[in-house]
Amino acid sequence: MKFLIIRFSSIGDIVLTTPVIRCLRKKFPDAGIYFLTKNNFSGIVESNPYITKTLTLDEDFDDTIDILKDEKFDAVIDLHYNLRTLRIKQALKGVPFYSFNKLNTQKWIYTNFKINLMPAKHIVDRYMETVAGFGVVNDGLGLDFFIPEKDKVKDSDIPFSHSQGFLAIAIGAAHFTKKLPLDRLKELCAKIEYPIILLGGKDDYNTGVEISNVDPVKIYNACGKFSLNESADIVRKSNLVISHDTGLMHIGAAFKKTVFSIWGNTVPSFGMYPYQTEYKIFQVNKLWCRPCSKIGYEKCPLDHFKCMRKIEIDAIVESAKEFLQKSI
């Protein structure tokens, strides 16, 4: 058998596909399992030992289709399901497609009318339904994230002040309405009495500088200084992960870290909360305008941003204190 799994983006969504990959490999140990994604996300899966080969989208989509035709797949597991995957389906005539249902209608109803018709099921378990027809079952081992040896962070790359333990706080997110405002992040980091490493991309560096200025010894700004795999390794080394609804939250879950998950305009009932790890959700409940989007916006549509401004920072701080007292 030769399988193609498709998930083009993004970080968290790709990490959430890893149980499908692993369980498919367990069922078919000698199969070819190929994974198609965007080039800038290929590093997430290239080190996955359950994958035979990682394929990336060519700039010319027709070239990608030609490559896929030449591979002669027996089945395609479409975990993205958009217009491009439909084009692939049309091109690979006769190859069975097993497509993930995004439940976009239910999400639209939820965001527009606040009527929750989403199933009480994690997205991973919904991903697993696409391979159930092959007799593949969920092994219950959660998410995977494999870090190449060359990308593991050296102890010397972490400040000595953090060598005995630290919290990883992922300050970024793909959209503004999924992130705590700067003043709230500064408040959170100021009140936590434990070493902190801030994680994020290059776009988060200046925000990280402002936050770390609160206490330059306690707070180390690692935003933009490390690759994704290196940031993942910092998550792996951390005592606790605090994150918005973003990729590093799922990477924390892959390493079975306790995750404190902060939600703004999106909601956990979309099915993308931390999977099979200890976690705690922080959100503003009974706010009539939530969820306002299944993804996020560059500004609050109503200009009040209550979903993040009213997050109880003291509750996060107290929970972190309790966790550290029990675990360290």
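Start by selecting an open sheet of five strands, which has the order β3-β2-β1-β4-β5 with parallel pairing. Its edges are β3 (53-56) and β5 (97-99); each has a single partner strand, so one side of each is left without a neighbour in the sheet. From one strand to the next, the twist averages 20 degrees.

Before going on, a few notes on reading this tour. This is a predicted model, in which local features need pLDDT of at least 70 and side-chain atom pairs count only at pLDDT 80 or more, while totals for chains, interfaces and linings use all residues. Residues are numbered from 1 along each chain as its sequence is written, and side-chain values use heavy atoms, with hydrogens and water left out. Helices (H or I, at least four residues) and strands (E, at least two) are DSSP runs, numbered from the N terminus. Two strands pair if DSSP finds at least two bridges between them.

**Stop 1**

Select strand β4 (residues 75-78) together with β5. Three bridges join β4 to β5, and the two run parallel. Which residue of β5 is the bridge partner of I77? It is Y98.

Axes here are lines fitted to C-alpha atoms, for helices over the stretch in contact (heavy atoms within 4.5 Å). Angles run from 0 to 180 degrees between N-to-C directions.

**Stop 2: the six-stranded sheet**

Next, select the open sheet formed by six strands in the order β8-β7-β6-β9-β10-β11, where the pairing is parallel. At its edges stand β8 (219-221) and β11 (279-282), each with a single partner strand, so one side of each is left without a neighbour in the sheet. Neighbouring strands of this sheet are turned by 20 degrees against each other on average, direction ignored.

**Stop 3**

Select strand β6 (residues 167-170). Are its residues buried or exposed? L167 and I169 on one side, and A168 and A170 on the other, are all buried, meaning under 20% relative accessible area, with exposed over 50% and partly exposed in between (1.4 Å probe, protein chains only).

Four bridges join β6 to strand β7 (residues 196-199), and these run parallel. Show L167 to find its bridge partner I196 in β7. L167 also stands opposite L240 in β9. β9 (residues 240-244) is joined to β6 by four bridges and runs parallel to it. Show A168 too, which stands opposite V241 in β9.

Right-handed means that, with the strands pointing away from the viewer, the path from the first strand over the helix to the second runs clockwise.

**Stop 4: strand β9 and onward**

Select β9, where five of its five residues are buried. L240, I242 and H244 point one way, while V241 and S243 point the other way. Four bridges join β9 to β10 in parallel, and V241 stands opposite V259 in β10. Follow the chain from β9 through α10 to β10, and you trace a right-handed β-α-β crossover. Helix α10 lies across β6, β7, β9 and β10 (259-262), at about 150 degrees to β9.

**Stop 5**

Select helix α9 (residues 228-237), whose buried residues are N229, S231, A232, D233, I234 and V235. Their cover includes β7, β9 and α10 (247-254).

Finish with α7 and α8, which pack at an angle of about 45 degrees with their axes 9 Å apart. That makes α7 oblique to α8; angles under 35 degrees count as roughly parallel, over 145 as roughly antiparallel, 65 to 115 as roughly perpendicular and the rest as oblique. Show the side chains to see L182, L185, K186 and C189 in α7 meet T207, E210 and I211 in α8.
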